[in-house]
Amino acid sequence: MKRIVIHEEYCIACRLCEVHCLVAHSSSRDIVKAYRHERDTIMSRVVVEESGPLSFAMQCRQCEDPRCLEACPSGAMHRDPRTGAITCDESRCVGCWMCIMVCPAGAVQQSTSGHRIASKCDLCQDADMPACVAHCPNEALTYEEVS
Amino acid sequence: MALSLSTAAFILERDQSQCIACQVCVRQCANDVHYYDEDDGVVRSNPAACVGCHRCVTLCPTQALVVRTNPLEFRPHANWTAATLQSIYKQAETGGMLLSGMGCDQPHRIYWDHMLLNASQVTNPSIDPLREPMELKTFLGARPDSLAFEADGDGEYDLRTELTPQLELDIPIMFSAMSYGSISYNACRSLARAAKQMGTYYNTGEGGLHPDLYEYGPVTIAQVASGRFGVHLDYLRTAAAIEIKIGQGAKPGIGGHLPGEKVTREVSRTRMIPEGTDALSPAPHHDIYSIEDLRQLIFALKEATHYRKPVSVKVAAVHNIAPIASGIVRAGADIVAIDGLRGGTGAAPTVIRNNVGIPIELALAAVDQRLREEGIRHRASIVAAGSIRNSADVVKAIALGADAVYVATSALVAMGCHLCQRCYTGKCNWGIATQDPYLTKRLNPNIGERRLTNLLRAWSLEIKEMMGGMGINAVESLRGNRDHLRGVGLNQVELDALGIRAAGT
C-alpha cells in the first residue's frame with residue numbers, strides 16, 4: 001500500500017501540512033471558513049515535531065502490525081478493507097484512549113470535536129493524495145508505495 | 001541612541017478577512033517581520049525589516065499578504081532621488097560601505113533588448129525543429145591552427161594533429177561560478193545534478209568543492225581565484241576544466257568577500273580556512289601582474305593536470321576588454337569567460353556594482369571582433385556572462401560571437417530567488433544564499449534540480465525554434481553570425497561597437 005514517507009532533511013517547519021489537514025477534515029473544506037467557524041472542533045491529524053533546526057511532520061505510520069488495532073476494545077480502530085489504511089470508525093469509538101497509550105509514534109490524539117473519540121490520520125481516503133503531502137511546499141512528505 | 005533617519009523600503013498589506021493566523025509567515029521570515037499578537041489572536045507585521053523576498057507571500061495559504069514598495073514620498077527632485085537620500089542616511093548612520101547582492105540594478109541600457117533576430121521568409125527555408133534535427137552540441141577549447149592527416153595506405157586517413165582538451169556541451173549554456181559558502185550546499189548540489197542531467201557544466205566559484213560533490217567532477221569547472229580557497233591537487237584533477245578567476249562583472253577590480261557568519265564548519269573545511277573568519281579574496285592575484293605571469297599560472301595548472309583539461313580565464317568586462325582578451329588567449333587560455341556589468345554576486349560594494357564595468361553585449365562584440373582581426377579567434381572559446389535572462393539573450397550572445405554562455409542569476413531565480421539583493425546578510429529566506437541550518441533545508445535539491453533542468457530544457461526548445469526560424473540547423477552556424485542581428489533604437493556608435501546594422505537596413 002501507499003504510505004506517507006517523511007523526509008526530515010527538507011521539512012521547513014512551516015506547518016502548512018497541519019493547516020491543510022485541518023481543512024481537509026473540516027465540514028466546509030474552505031480554508032478561511034474552516035479556521036473562522038470550525039477551528040475549535042476540528043484538529044490536524046499531523047503534527048510537526050521540532051527540535052532546533054530539525055523538524056518533521058508526524059502522522060500515523062500505518063504500521064504493518066498495528067498495536068492500536070489490537071488494543072481497541074470496540075473494534076473502532078480497523079484496517080479499511082479497500083485501501084488497507086488504518087482508520088478509526090468514530091461511530092464505534094468509546095474514547096477509552098487505549099490506542100493513544102499504545103501508539104509508538106504518538107500519532108493518535110483525543111479529538112477536540114466534543115465527543116470522546118480518537119483522532120488520527122486517515123490518509124485522506126477520498127482524495128488521490130493526503131492533503132499534507134499535496135500541500136507540502138518542499139516535498140518533505142511524499143506518498144509512495146512502500147513495502 | 002540617536003534616531004535613525006532610514007525608512008522602510010516596503011509596506012505589508014495583510015487582508016485580515018483572509019488571514020487565518022496560521023503563522024506560516026511568522027515561521028518563514030528570517031527577518032522577523034511577522035509576529036503573532038496573542039492578546040488579539042491575530043498576526044501583525046513590522047515592515048521595517050522586510051527585504052521584499054516574497055517568501056511569506058508565496059507560502060501564505062490564503063493569499064492574504066501583499067508586499068508593496070513604501071509609497072512614502074520625498075518632495076520630488078530629479079537629482080536627489082529617494083534612493084540617493086536613503087543611501088546617505090544609511091552611511092551617515094553607519095560610516096560603512098553600502099553592500100548589495102545580485103547584479104547592477106541601475107537602468108543602464110540593456111543592449112539585448114535593442115537587438116532583434118532575423119527569420120527566413122520566401123527566399124530561404126526555415127526549419128521545423130520538431131521534424132528535423134537541430135544541433136546545439138558545443139565544444140569549448142582551443143582549436144588547432146590547421147589539421148594534418150596521414151594516409152594509412154588503405155585509402156583511410158589518420159589525424160596527425162594533436163587535439164587539445166575540450167569541454168563537450170549538449171546545450172551552449174553553463175551554470176556560472178557560485179561558491180559553496182556564498183550559496184548553500186543544497187544549491188550547489190542542485191546545480192551539479194542539473195548540469196549532469198542536461199549535459200553541461202557548473203562552476204564551483206572560488207569556494208572549493210565539497211567532498212560529497214566530487215562525484216560530479218566530470219561536470220565541474222573548478223575555479224582558482226585570488227584567495228586560492230579550497231584549491232588543492234585533488235580539486236584540480238577531479239574537475240573537467242579549471243577556471244582562473246581574475247575578475248567578476250559585479251565587482252571588477254576587487255576580490256570576493258564572504259562574511260564570517262557564512263563560514264560554517266563545512267564551508268571552512270572546504271575552503272581550508274578557519275571557521276567563522278571572513279574569507280577575503282585579494283583584489284589581484286598576487287602572482288599575476290602581467291600577461292606573462294598569467295601564462296605561468298595557466299601552464300602551472302595545465303602541468304598539474306597533465307594537459308588533460310582546458311583552462312579558462314574569467315575576467316570582468318572593462319574598458320579595454322578587447323586587448324585584455326587578446327592577451328589572455330596569447331597567454332594560453334583555452335576559454336575566455338567575460339562577465340558583464342550586470343553580472344551577479346553574493347556581496348559587493350553597491351557603488352562598485354552599479355558603476356564599474358561595461359555591458360557584456362559591447363564587451364563580447366569587441367572581443368570577438370578583435371580576436372578575429374588578430375587571427376586568434378580559434379585559439380580560445382568565448383563564454384559570455386553577466387545577465388543572460390532568457391533564451392533570446394542566449395541566441396543573441398552566440399550571434400554576437402560567444403561560443404556559450406554562463407547563467408547564474410537565472411539559475412538562482414529558477415531555484416526560488418526573488419532578487420531581494422540581500423545575499424550578503426546570510427538570511428536568504430529561500431535557502432539559497434545562506435548557511436543557516438534553519439534556512440538551507442528550504443531548498444530541496446530534488447526540486448532544485450528539476451526546476452533547473454526544466455529551465456534549460458525550455459530554453460533549448462526555444463533556441464531551436466529561433467534557429468529554425470533563421471534557417472539554421474546547428475548552433476555552429478549561428479556563432480558570430482551578426483547578419484542575423486539588427487539594432488533598434490541605437491545610435492551609430494553603438495551599432496558600430498556591436499558590429500551590427502540598424503533594423504531596416
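**Entry 1**

I looked up Leu419(B) and found it partly exposed, with a relative accessible area of 33%. For this term, buried means under 20% relative accessible area, exposed means over 50%, and partly exposed lies in between, with a 1.4 Å probe and protein chains only. I note that this is a predicted model, in which local features need pLDDT of at least 70, side-chain atom pairs count only at pLDDT 80 or more, and totals for chains, interfaces and linings use all residues. Residues are numbered from 1 along each chain as its sequence is written, chains are lettered from A in the order in which they are written, and side-chain values use heavy atoms, with hydrogens and water left out.

I placed Leu419(B) in the loop between helix 12 (409-415) and helix 13 (437-440) of chain B. Helices here are DSSP runs of H or I with at least four residues, strands are runs of E with at least two, and both are numbered from the N terminus. The phi of Leu419(B) is near 55°, a positive value in a residue other than glycine.

I then checked Gln421(B), which lies in the loop between helix 12 and helix 13 of chain B. Its phi is near 65°, again positive in a residue other than glycine. Gln421(B) counts as buried, at 19% relative accessibility.

**Entry 2: the contact of chain B with chain A**

I found 24 residues from chain B and 21 residues from chain A in the contact, where contact means heavy atoms within 4.5 Å. The two chains bury about 1800 Å² between them, 57% of it on carbon and sulfur atoms. Buried area is the accessible area (1.4 Å probe) that two parts lose on being put together, summed over both. Of the area that chain B buries against chain A, Ile20(B), Arg27(B) and Lys441(B) supply 33%, more than any other three residues.

I counted one salt bridge between chain B and chain A, that is, a side-chain nitrogen of Lys or Arg within 4 Å of a carboxyl oxygen of Asp or Glu. The side chains of Glu139(A) and Arg450(B) meet in a salt bridge, at 2.8 Å from N to O.

Which helices of chain B each supply at least two residues of the side that touches chain A? I listed helix 1 (24-28), helix 2 (55-59), helix 13 and helix 14 (445-470). Helix 14 gives the most to that side of chain B, with four residues.
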